Amino acid sequence: GVGNTMTKDDLLEHLRELPDPSFAALYENIWAVIAVLRSLPQLARQVVMRIVYLDEPADPWGWVSSAPEHQAKMREVLVKMRRVRALVVHGKLKSGRAARIELTAPFKEQMRKSLALRDTSPWKGGSDV
């Protein structure tokens, strides 16, 4: 029923509570990585696409305006990404511009594989089961 539906926020909250070994196993599955990506806020998805092919940590602070509300929004999505172990933060997010970011190795590997696929549906031809 309606009471059993899981929202994107529910999924992200559930994932946040998983122990690290569970994430290692989860992110071995390309479809799990795609599901996590689709559950992230739009700005977080844009961050993933900007850094998925980078081999060095990136400075995300220049990607948004210097307005405090935009910097706060960037910080908020980076925290969400870090909580679901999709992102590694080098430095402290509270100090703003000192932090550099990169995707975690398993998340990055599966994202790269997913972007190389012709069909991003787990069902043949993208049709429903």
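**Helix packing and core**

Modeller: This is a predicted model. In it, L43, A44, V47 and V48 of α4 meet K73, M74, V77, L78 and M81 of α5.

Colleague: What classes of residue make up the contact of α4 with α5?

Modeller: Eight are nonpolar, one is charged and none is polar.

Colleague: And at what angle do the axes of α4 and α5 cross?

Modeller: Helix α4 covers residues 42–51 and helix α5 residues 68–83; their axes cross at roughly 75 degrees and come within 9 Å. Angles of 65 to 115 degrees count as roughly perpendicular, so α4 and α5 are roughly perpendicular to each other.

Colleague: On to the core. Which residues of the largest nonpolar core touch the most other members?

Modeller: L78, M81, V84 and F107, out of 31 residues in that core.

Colleague: Which element gives the most to this core?

Modeller: α4, with five residues. Among the other elements that give two or more are α1 (8–16), α3 (30–39) and α6 (105–116).

Colleague: Back to L78. What is L78 in contact with, leaving aside neighbours within four places in sequence?

Modeller: V47, P60, W61, L87, L93 and I101.

Colleague: Different topic. Where is R85?

Modeller: R85 sits in the loop between α5 and β1 (87–90). Its phi is near 55 degrees, a positive value in a residue other than glycine. Most residues other than glycine have a negative phi.

Colleague: Is R85 buried or partly exposed?

Modeller: Buried means under 20% relative accessible area. R85 has 23%, so R85 is partly exposed.

Conventions:
Residues numbered from 1 in each chain as written. Predicted model: local features only at pLDDT ≥ 70, side-chain atom pairs only at ≥ 80, totals over all residues. Heavy atoms only, no water. Axes fitted to C-alpha atoms, helices over the stretch in contact; angles between N-to-C directions. Helix = DSSP H or I, 4+ residues; strand = E, 2+ residues; numbered from the N terminus. Parallel < 35°, antiparallel > 145°, perpendicular 65-115°, else oblique. Contact = heavy atoms within 4.5 Å. Nonpolar A, V, L, I, M, F, W, Y, C, P; charged D, E, K, R; others polar. Buried < 20%, exposed > 50% of the residue type's maximum accessible area, 1.4 Å probe, protein only. Core = buried A, V, L, I, M, F, W, Y, C linked by side-chain atoms within 4.5 Å.
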